[in-house]
Amino acid sequence: MLVHPQFDPVALAIGPLKIHWYGLMYLLGFLLFIILGRYRIRQKPEAGFTREMLDDALFFGVLGVVLGGRLGHVLFYAPGYYFQHPLEIMAIWQGGMSFHGGFLGVILAMAWLARKYNLSWFAVTDFIAPLVPLGLGAGRIGNFINSELWGRPTDMPWGMIFPYVDALPRHPSQLYEFALEGLMFFVVLWFYSARPRPVGAVSGMFMIGYGLFRSFAEFFREPDEGFLGLMTLGLSMGQWLSLPMVVIGVLLLLWSHRKPVEKQQQQ
């Protein structure tokens with residue numbers, strides 16, 4: 001039987017200063033964003049992106065992730081609790097971040113970036129989207145190290161006991177999400193975006209891919225009973241928030257293909 005290694009969440013402690021593994025995973029995600037972005041700038045100069053724009057995208061994207069992710073967790077998952085304990089809303093160090101909230105925060109940040117550099121909003125999101133999945137995967141590794149967001153009980157041979165939770169073998173759902181939302185999603189989106197696509201197509205594919213991968217992985221992830229648990233039709237909040245992404249992504253993909261690639265690139 002597999003047992004979670006029970007890593008120390010603190011990677012390095014220097015006096016009162018503590019560096020957590022989860023924070024290092026965020027830094028790894030940002031580093032991968034810059035490396036992949038600079039490679040894509042050299043590979044596709046016709047996209048009109050520069051290193052200065054990439055640095056701005058990272059800076060304001062980080063603000064969108066942190067602020068949007070925290071507020072998304074507060075509003076989507078536990079509004080009643082935080083309205084009763086408003087001082088804990090910004091206590092990010094206690095945990096509680098929502099991808100969908102962070103996604104909305106990044107969307108707003110990219111809208112500002114597009115306005116600053118006089119670019120199409122979708123031209124910006126099309127460039128940024130393929131740089132994101134590996135960072136998402138790094139975050140899931142952080143969840144695994146912290147022994148959080150564990151899976152549902154299972155009798156599969158790779159079931160893992162999380163001693164901080166109970167003695168039941170469970171799906172290591174964090175690793176499933178790392179493989180799906182991180183590695184597989186990156187491969188699909190990276191190669192899809194490598195070829196000329198209509199404006200908005202890569203953004204649409206991002207929404208479809210993430211929504212599908214996340215919805216599938218949620219079937220193996222234990223719902224947070226402390227807040228919402230399973231909802232209507234036996235779906236989790238993560239699934240209900242992901243399904244509209246798929247619908248919007250499909251509509252965006254159909255809309256983007258209304259014009260030939262060549263004509264859009266000339267605009």
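Which residues are linked in a network of salt bridges? Arg140, Glu177, Glu181, Arg214, Glu218 and Arg221 are, where a salt bridge is a side-chain nitrogen of Lys or Arg within 4 Å of a carboxyl oxygen of Asp or Glu.

The model is predicted: local features need pLDDT of at least 70 and side-chain atom pairs pLDDT 80 or more, while totals for chains, interfaces and linings use all residues. Residues are numbered from 1 along each chain as its sequence is written, and side-chain values use heavy atoms, with hydrogens and water left out.

**Stop 1: the salt-bridge network**

Nine salt bridges are present in the structure. Select Arg140 and Glu177 to begin; their closest N and O atoms are 3.5 Å apart. Arg140 sits in helix α6 and Glu177 in helix α7 (residues 173–194), so this pair ties together parts 37 residues apart in sequence. Helices here are DSSP runs of H or I with at least four residues, strands are runs of E with at least two, and both are numbered from the N terminus. Arg140 is buried at 10% relative accessibility, and Glu177 is buried at 0%. Buried means under 20% relative accessible area, exposed means over 50%, and partly exposed lies in between, using a 1.4 Å probe and protein chains only.

Next, select Arg214 and Glu218. Their salt bridge has its closest N and O atoms 2.7 Å apart, and both residues lie in helix α8, four residues apart, about one turn of the helix. Arg214 has 3% relative accessibility and counts as buried; Glu218 is buried as well, with 4%.

**Stop 2: α8 against α9**

Two packed helices are described by the angle between their axes and the distance between the axes. Select residues 201–218 (α8) and 237–256 (α9): the axes come within 7 Å and cross at roughly 155 degrees. Axes are lines fitted to C-alpha atoms, for helices over the stretch in contact, with angles from 0 to 180 degrees between N-to-C directions. The two helices are therefore roughly antiparallel, a term for angles over 145 degrees. α8 passes α9 in a left-handed crossing, meaning that the near helix is turned anticlockwise from the far one by less than a right angle. On the α8 side, the residues that meet α9 include Met205, Ile208, Leu212, Arg214 and Glu218. Their counterparts in α9 include Leu243, Val246, Val250 and Leu253. Contact means heavy atoms within 4.5 Å.

**Stop 3: a lysine without a partner**

Select Lys44, in the loop between α1 (21–43) and α2 (51–77). Lys44 is buried yet has no salt bridge; Glu46, the nearest side chain of opposite charge, is 4.8 Å away. For charge, Lys and Arg count as positive and Asp and Glu as negative, with His and the chain ends not counted. Not counting residues up to four places away in sequence, Lys44 touches Ser193, Ala194 and Arg195.

**Stop 4: loop residues**

Select Ser147, in the loop between α6 and β4. Ser147 has a positive phi of about 55 degrees although it is not a glycine, and is buried at 4%.

Gly159 lies in the loop between α6 (133–145) and β4 (160–161) and is buried at 0% relative accessibility. Beyond neighbours within four places in sequence, Gly159 is in contact with Met1, Leu2, Thr154, Pro169 and Arg170.

Finish at Gln6, in the loop between β1 (2–3) and β2 (10–14). Gln6 is not a glycine, yet has a positive phi of about 55 degrees. Gln6 is partly exposed, at 36% relative accessibility.

Key: Angles under 35 degrees count as roughly parallel, over 145 as roughly antiparallel, 65 to 115 as roughly perpendicular and the rest as oblique.
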